[in-house]
Number of protein chains: 2
Amino acid sequence: MPDTWIDTFPGLTRLPADIRAELEAGSQIVTAPAGAQIFAPGQTADNLLLLLDGTVKVQQKSDTGRDVFLYRVHAGESCVLTTACMLAFEDYAAEGISETDVRAVAIPRKTFDSLVGKSPVFREFVFTAYSRRITDLFTLIDDIVFQRMDVRLAARLLELADDRGVVHATHAALGTELGTAREVISRTLSEFHRRGWVEQSRGEVHLTGKEGLARLVKSAGAHV
Amino acid sequence: MPDTWIDTFPGLTRLPADIRAELEAGSQIVTAPAGAQIFAPGQTADNLLLLLDGTVKVQQKSDTGRDVFLYRVHAGESCVLTTACMLAFEDYAAEGISETDVRAVAIPRKTFDSLVGKSPVFREFVFTAYSRRITDLFTLIDDIVFQRMDVRLAARLLELADDRGVVHATHAALGTELGTAREVISRTLSEFHRRGWVEQSRGEVHLTGKEGLARLVKSAGAHV
DNA sequence: CGGAGTCTGTGACCAAGTCACCAAGGATCA
DNA sequence: TGATCCTTGGTGACTTGGTCACAGACTCCG
């Protein structure tokens, strides 16, 4: 494995040679197409996944049948929250869906446990990833409770836009992402359109006035 | 230390003798009065706390100046989320306030790190505690997004009531717990009163019809 | 007794979620 | 080429919840 994947994760570059060897030998690279269910509630996670390419969205299957979007894992990050359940042999209430074709490193429970035991650097990597996700969850809760919908939508649009300023998502999809109803998204987008910030077409939103959106987000002091 | 505290934590009873010894030697019992700030944002946590007596409430200091209640740590549980930040040398955005006089075991970072490295049982204990808290956070988010306020308030009242069915809390306090406004609590409690479920007096709520509250909670399929 | 501070009640108003229904765009297939 | 169906988006009426302003009422003390 020349040009090892390990170096794409900043937290792992400091690993000593023997640990690197064990990590490389005890893990493998896996792929999945867009839209695949990466992990699901009720099924024990047997691997820690480190994303090399693509994005995975993690959402909670609600009892009420609706989904709550929790967070998005990008290339270079890990689905680390599953590991708690992995090591604790507990079930997970969330599911992960690949949004694009993804490539990831799968570290099986055995290797993971062994490395956590042996390597302080690896431990720090894991716990750092944890604390990131956890503080993310805290700010998510904060946003849900205190932030206005228009601000949250504006922030999310800026985040999801591709390099041409286009967001590929239906109103319903944006609704689940923000934990609100489709109608609310529709109304808010009409308002944004009225202000000349967006143009709409079926299944996509064109950001024509990013400055306006950014100003709205900033004025509310949102956590982008 | 006869009758060691270790056995009050089910996950730790399986620890081998040498690890127990290290844990006992490398930790100490601390106390704090009711209302003390146990940990705060911006100050690195240097100890993992395992609660022996009392309760600690953990809440996020919001940018907007208001607080969001996250969860409550009871005797026999640990403030484990702080450990991620502890090991990762990262700051924490939440603060912990003792609600009663508390007694706890403080495990310093050094001991903690060493034990996580040496003992698979201790690792499992830590990661189990993690996964509990994390899934709790997930259900919290779910509740905030989808559950009606009256149901959430009813559930919380049942949870907070002492053995005589009295909840000692002001409307404002219940408001922060549920991430809503005092006025909403007042209105909802009036409604509960109208239905004969509660009696009110300054600073406390008497549950006179727990069955009604329980029925409301149950009919909504809430996560108690 | 007389403030000062805290706790609760209330009305008006706005933001957001729910429900019901309709219309337009796209796909499929006889 | 239509007929049909599904998905997406638009809209109005209504309910719930959050915000603001202000007024009583209780408690603690000096």
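1. Axes here are lines fitted to C-alpha atoms, for helices over the stretch in contact, and angles run from 0 to 180 degrees between N-to-C directions. Helices (H or I, at least four residues) are DSSP runs, numbered from the N terminus. In this predicted model, local features need pLDDT of at least 70 and side-chain atom pairs count only at pLDDT 80 or more, while totals for chains, interfaces and linings use all residues. Residues are numbered from 1 along each chain as its sequence is written.

2. Helix α6 of chain B (residues 171-178) packs on α7(B) at about 110°, with the axes 8 Å apart. The pair therefore counts as roughly perpendicular (angles of 65 to 115 degrees).

3. In that contact (heavy atoms within 4.5 Å), α6(B) supplies B:H171, B:A172, B:L174, B:G175 and B:L178. From α7(B) come B:R182, B:I185, B:S186 and B:L189. Five of the contact residues are nonpolar, three polar and one charged.

4. DNA strand C has 16 residues around it (a heavy atom within 4 Å). The closest are A:T180, A:R187, B:H171, B:R182 and B:R202. By class, nine are charged, five polar and two nonpolar (Asp, Glu, Lys and Arg count as charged; Ala, Val, Leu, Ile, Met, Phe, Trp, Tyr, Cys and Pro as nonpolar; the others, Gly among them, as polar).

5. Look at the individual atom pairs. The backbone of B:G203 places an N or O atom 2.9 Å from a phosphate oxygen. B:R187 has a polar side-chain atom 3.3 Å from a base nitrogen.

Conventions:
Chains are lettered from A and ligands numbered from 1 in the order in which they are written. Side-chain values use heavy atoms; hydrogens and water are left out. A polar contact is a pair of N or O atoms within 3.5 Å; within protein, one must be able to donate a hydrogen and the other to accept it, and residues adjacent in sequence count only if both atoms are side-chain atoms. Helices (H or I, at least four residues) and strands (E, at least two) are DSSP runs, numbered from the N terminus. Angles under 35 degrees count as roughly parallel, over 145 as roughly antiparallel, 65 to 115 as roughly perpendicular and the rest as oblique.
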